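Welcome! Here is a short tour for someone meeting this structure for the first time. Take a look at the chains below, and then we will walk through them topic by topic.

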Amino acid sequence: MLHYTEKIREIAGRLLKQGVVDVFIGYRKGSVPMMNNPLLIRDPGSTDLLYWDSNCALNLCNYLTGRKDRIGIVATGCVSRNIVTHIVENQISRSQLYVVGIPCTGMISHRAVIRAVGGREIIEFEEQGERFLVRGRDFEEIFEKNDFLQSNCAVCRYPNPVLYDEMLGERVPGYEGDDVYRDVEKVEQMSSEDRRGFFSRMISRCIRCYACRDACPLCYCPTCFVDESRPQWVGKSIDPVDTMTFHLLRAFHCAGRCTDCGACERACPMGIPVRQFTKKLNKDVQELFSWEAGLGLEQRPPLDVYRQDDYDGFIR
Amino acid sequence: MITFKLNGREVQGEEGEYILEVAERYGVEIPTLCHHKALEPAGACRLCTVELFDGRRTRFVTACNYPIWEGMEVYTDTDEVRRGRKLIVELLLARCPEVPIIRRLAEDYGIEEPRFKKDEDDCILCGLCTRICERMGNGAISLAGRGVGLKVTTPFEIQSDLCMACGACVSVCPTGHIKLEEITKHTVKPIPSEYDMGLRGRKPIYVPYAQAVPNTPVIDRDTCMHFRTGECKICVQSCSAGAIDHAQQDEAIELRVGAIILAPGFQAFDPGRYEAYGYAENPNIVTSMEFERLLSASGPTMGHLVRPSDGKEPRRIAWVQCVGSRDVHRCDNAYCSSVCCMYAVKQAVIAKEHAGGELDCAIFYMDMRTHGKDFERYYNDARDKHGVRFIRSRIPAIETVKETGELLVPYVNEKERVVEERFDLVVLSVGLETAAEVVELAKKLGVQLTEGRFCKTDPFRPVATSREGIFVCGAFQGPKDIPQSVIEAGSAAAEAGALLSEGRNSLTLTREEPQERDCRGERLRVGVFVCRCGINIAGVVDVEAVRDYAASLPHVEYVADNLYTCSQDTQESLTEVIKEKNLNRIVVAACTPKTHEALFQETMANAGLNKYLFEMANIRNQDSWVHQEDPEAATAKAKDLVRMAVAKVTLLEPLREAELEVNQKALVVGGGVAGMTAARALSAQGYEVCLVERAQSLGGQARNLYRMWTGENIQERLEELIEAVQGDENIRVHLETELGNVEGFVGNFRTTLICRGKEEVVEHGIAVIATGAQELKPKEYLYGEDSRVVTHLELDRMFMNDESALRGIKRAVFIQCVGSREPERPYCSRVCCTHSIESALHLKELNPDMDVYILYRDIRTYGEREYLYRKARLAGILFIPFSLERKPRVSLGQGALKIDIWDPLLCQDIVMNSDLLVLAAAIVPYGDQKLARMFKVPLNEDGFFVEAHAKLGPSEFATDGVYLCGMAHYPKPIDESVAQAQAAVSRAVTLLARQKIKTSGTVAEVNPLYCSSCGVCVEVCPYKAPTMREQGPFAGKAEVNPVLCKGCGICVASCRSGAMSLKGFGNDQIMAMIAHM
Amino acid sequence: MLLKNLLEHIGLEPGRLHFSWISSAEAAKFVEVANEVNQVVEELGPARFLVKRKARVA
């Protein structure tokens, strides 16, 4: 995906020069390999800072919330779906946006790569088409990108932007298997007791840093429930019940809105697969309401509306 | 003003006051036996002796009659004083060693036995009695004799005819020496309390009853001593408000009015006329009205059920029905009083609840008439669950067993034998009759009466009297129960309202609302009022303990408990307390806010408090009623509920209410008699109506009916009504139309009508539901298999089409309760008994030789319909009762219908052939769930709509702006449907006429600092109340239009950001309640 | 439904969470539901999951 970099620089320069946008949001190469940073530029002369490869997994939609100026933004499939959700939820207006669409072939899981090199420090990363090369002080290895995709990217059905003003390349095929929710199903088949153990163990590492929340474009409330003290909805300690409550509520606030972009999981410093919560909700929302978030501007998420024919079998 | 020293403290008094008065005012206690505020002091008992220092020396004076002077020093409790008093008490004790008050005093002064020779007197010669007698303007008693012979007596020491038996002397005597019987020639008895049916006494100045409106005392001129002698006037002296004016005279007020409504009610039949029952002789034979007081928590026994003769708890109670009803032998009341069966069942059940399991209750009846809504279920429960015995037998006489005061009730049992049962108490279920004064009044007004001396009316105008402009409602229209009376009251109001509609609002006075106090920023001062609700709460929960507990809670400034917190006088004292203690938050621990919140809130408004600074703890429905078995836990729970309520109320803030326009159009659903009447009544009051009927024509079930029981031709009257509706320019009729959707709320409904696939939207302020009911298609007695088996409506159709075919019939049989009063449909269809008898009589008219049988369970010809029953019996129609267990069997035999029935009178099976079998098929509701959902109104288990309140709100729904009438409510005859339609309209007009309504202050609000502008609230709100602000500092954030908001809270639940909150139910308030749970 | 599924997904015992819609006019239904919930919960026994223990002070 390296080749998108030049095009992004060119478009950004054009948009800023012509005054189509006031600011352009993209990525810059990270100071640490495989960790690209978000970048906002206003000066058409600084477009060289823009960069693109398969490590651009932080969700740029986060930086749109509440902006009043005109913005150019690069968007993959999932980011574009979050932009749609943002527009539907009044966080930004379509007319402010110039969306530069990127057909996405998936992002690399930096954790998987680190595991593959046995935890040795990687000091250089180089993408070479379908492969990529990582170099350390005393080693160098080449991997197939497809073997190291983030787990959400591996089953991504919507790699192409759903909303854009300009596309950077040809559309790419999305995942067509019917096992998108295989991981959720595996958990569902466990006994109630085992599931309880599974999730309790999973979050036992959580340090309540809220990086998952901060990385999530859906989490834009002025005051988050975790920071509220009157009433205190959830305790601030790392008591397992409080931690579970936090994860539950965070996930539930995303119900019907989550695009499974994976930003939360990538942001987690402890490597907790927090998508296990949201993905279960995504699965249920799809089954109950035939809904996937951010595919169109016409409809609001299912939990925002009431219809006579809504599923009510659980109410007696 | 005189200043002097009392026990060293500087005090002040007026010139002419005595020491005792001033001391009392300053809370210094001085004992006395002969002092009374209303009387000049006499210094007779010497007990009030005090020490007086005049600057030079001390001496002893009696405080009661020693006038105060500037600079004196008084000591009330020195050793000297005590020693002196002790001697006085000792002497008194020697004279009256058995008098309790003296013994108590002796104890106080440490005297065990007097040193003097003991006497056996009980008079201390204080002279209070003689002085009060004088004050009463009389002189029946005085102190006579000298020295040791001095005593209180009458002239010549004989019973006096001067004495008026007022009892003042008895009431002031401190020792209990005075016995009125010894003084007076008159019989001594308390003034009977009218409210308590004479079961206890009252005073000449009295408040009629606790909930009286207005709750002001009245003076009974016949017993007040001032009106008898011109003296006394003690009340004037003691009323600090100066409210008493004996000079008031009756005034004649002349009013010019456009309509008159007669609601004089009934009087209970006086069973003293029935000698065979011995009511006048035996106190253990009581009327149902008296028994009602015996059961009441505010009654003479505080709800404790006892026999009047000896105060013992009865173990066996009998009710004797039809006393003064359905009787032309011993009185002239041939009609049925309609209500006695139901009230007897109710009294029996309540008596059993009060007395616990041991009490035996038996009701002796002729026909059990529980034809009201949900009454039949109550009757079944009384019999099956509570074990009340029901015995079908008319009681000829009641005998008293002299020794025990027990009562012997003879009756005929199922085996036709006369047996006798003993009871401790007999309740005579007395009937309703029109009082002689009311008959007089009717004569004066030129209003015609019926045979039973009730007001004569027309079934299609059930509250219009024979004189134009005069209307009637309640028991004077005919004997009836509360729901029907309330319906008629509405109906009469609607009729009168139609006459007066032009003058509407021309004489209205605007109520001045007291200025609301701004209590923001004040220190919290919570008032907690714990209600006893008679024995409803206090019988289970320890109310005093809850009250005292409440006093210990933070911020609670004032606590009280009341017998009935909802009574008028309590409301007034509440207002006073709020003002006096400057309370700014109120908690009432009582019943349900559903019925009483508004009342208490109004009281708060009257006291100048914002009505939302209020919280109710439901310690009745949610506590004492459900935890009757466990008073301790119930008390603990009551404390919990009060603590939660206090926690919440301290966080409440004053709220404002918004105003809303009321659309002046009405929608009536259903074009039967009820619907059409409602439409006409609305039109008559000047409102536009949209009348919707699903059928092709107007008329509803009435189209199938032949004749009223009073003889009117229904079809002719129905045609008139339909023509009137069609010709009414205020009414738009939509035939073949159904409702597709209802949006909006009270004052602003938007309803989609669907007429043959075409949709039309109408806007209206109110809706009347009059969708009716239908006749059951029976599944028994060969119905549908043999053409000779027909239902009522089918027979009526035959009457209307071709009577001649019916003339040839030799024998006709009616079977009652077909599908009614059965386990799967446990209600009475109310109209069928009358209908069958009316049809039977018509058959007899067609062919006087025809044999007509009516097979019945109970004949329920209530009210004056009873005449029809009597007429039928006289016409030779035969009535055979059957029970649910032994229903008649119908089969086909040799060309005729063969009917088998067990005759309990003959004790044998009867088989008869018949050419016509008429089934009194049940009336079944449509049970329209869709309509119920659209208007958010409930259906009961049987499928009838549920009114707001069975007694007080029979023609409206709990949902604002939606009203109810006709058979959709319950089966009823045409006159009752008409009355209810008019009643529904009068309720609706009270809303429409206001033109604006205030919405609740309990609405959602947005904290813009928390709002993330996501718009979920805008999307989820069914009333479209939230919108996004377009300008201002918070542009883009949500805001709520309080007029549109109904306070449902859906936005609050949906708001992820926590920006939405429901006023009065804020997070902090609810969390506080949870935290204090 | 989503909440119920999610809670049960992460290990809340089925039967611990009930939803019902009972209007103020449906007394009979209220009793029925209350009894049923009561019975189910009694069978489940005391809740352990998602119950915060009070901090123990050493």
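Let's begin with a pair of helices in chain B: Ser288(B), Phe291(B) and Leu295(B) in α9(B) meet Cys340(B), Tyr343(B), Ala344(B), Gln347(B), Ile350(B), Ala351(B) and His354(B) in α10(B). Residues meet, or are in contact, if their C-beta atoms, placed from the backbone, lie within 7 Å. Helices (H or I, at least four residues) and strands (E, at least two) are DSSP runs, numbered from the N terminus.

Before going further, please note that this is a predicted model, in which local features need pLDDT of at least 70 and side-chain atom pairs count only at pLDDT 80 or more, while totals for chains, interfaces and linings use all residues. Residues are numbered from 1 along each chain as its sequence is written, and chains are lettered from A and ligands numbered from 1 in the order in which they are written.

**Helix pairs in chain B**

- By class, the contact of α9(B) with α10(B) has seven nonpolar, three polar and no charged residues. Here Ala, Val, Leu, Ile, Met, Phe, Trp, Tyr, Cys and Pro count as nonpolar, Asp, Glu, Lys and Arg as charged, and the others, Gly among them, as polar.
- Helix α9 (residues 288-295) and helix α10 (residues 340-355) of chain B have axes that come within 11 Å and cross at roughly 30°. That makes α9(B) roughly parallel to α10(B).
- The axes are lines fitted to C-alpha atoms, for helices over the stretch in contact, and angles run from 0 to 180 degrees between N-to-C directions. Angles under 35 degrees count as roughly parallel, over 145 as roughly antiparallel, 65 to 115 as roughly perpendicular and the rest as oblique.
- The crossing of α9(B) past α10(B) is left-handed. A crossing has this hand if the near helix is turned anticlockwise from the far one by less than a right angle, and is right-handed if clockwise.
- A second pair is formed by helix α15 (residues 568-581) and helix α16 (residues 593-606) of chain B, which pack at an angle of about 45° with their axes 9 Å apart. This angle makes α15(B) oblique to α16(B), and α15(B) passes α16(B) in a right-handed crossing.
- On the α15(B) side the contact is made by Gln571(B), Leu574(B), Thr575(B) and Ile578(B), and on the α16(B) side by Thr603(B), Met604(B) and Asn606(B). The classes here are three nonpolar, four polar and no charged residues.

**Backbone details in chain B**

- Val213(B) and Pro214(B) are joined by a cis peptide bond, with omega about -5°. Pro214(B) sits in the loop between β10 (205-206) and β11 (218-219) of chain B.
- Lys233(B) has a positive phi, near 55°, in a residue other than glycine. Its place is the loop between α7 (225-229) and α8 (234-238) of chain B.
- A residue is buried if 20 or more other C-beta atoms lie within 10 Å of its own, exposed if 12 or fewer, and partly exposed in between.
- Arg326(B) is not a glycine, yet has a positive phi of about 50°. Arg326(B) lies in the loop between β15 (316-323) and α10 of chain B and is buried, with 21 other C-beta atoms within 10 Å.
- Ile1070(B) belongs to helix α29 (residues 1067-1075) of chain B and is partly exposed, with 17 other C-beta atoms within 10 Å. Ile1070(B) and Ala645(B) are 425 residues apart in sequence, and 9.9 Å apart in space, C-alpha to C-alpha.

**Chains A and C**

- Chain A has 10 helices and eight strands. Buried residues make up 40% of its 316 residues.
- Chain C has two helices and zero strands, and 7% of its 58 residues count as buried.

**Where the chains touch**

- In the contact between chains A and C, 21 residues of chain A are in contact with 19 residues of chain C. On the chain A side, α6 (192-203), α8 (240-253) and α10 (275-289) each supply at least two residues, and the residues divide into 13 nonpolar, one polar and seven charged.
- Between chains B and A, 15 residues of chain B are in contact with 16 residues of chain A. On the chain B side, α27 (1016-1020) and α29 each supply at least two residues.

Definitions and conventions: Contact = placed C-beta atoms within 7 Å.
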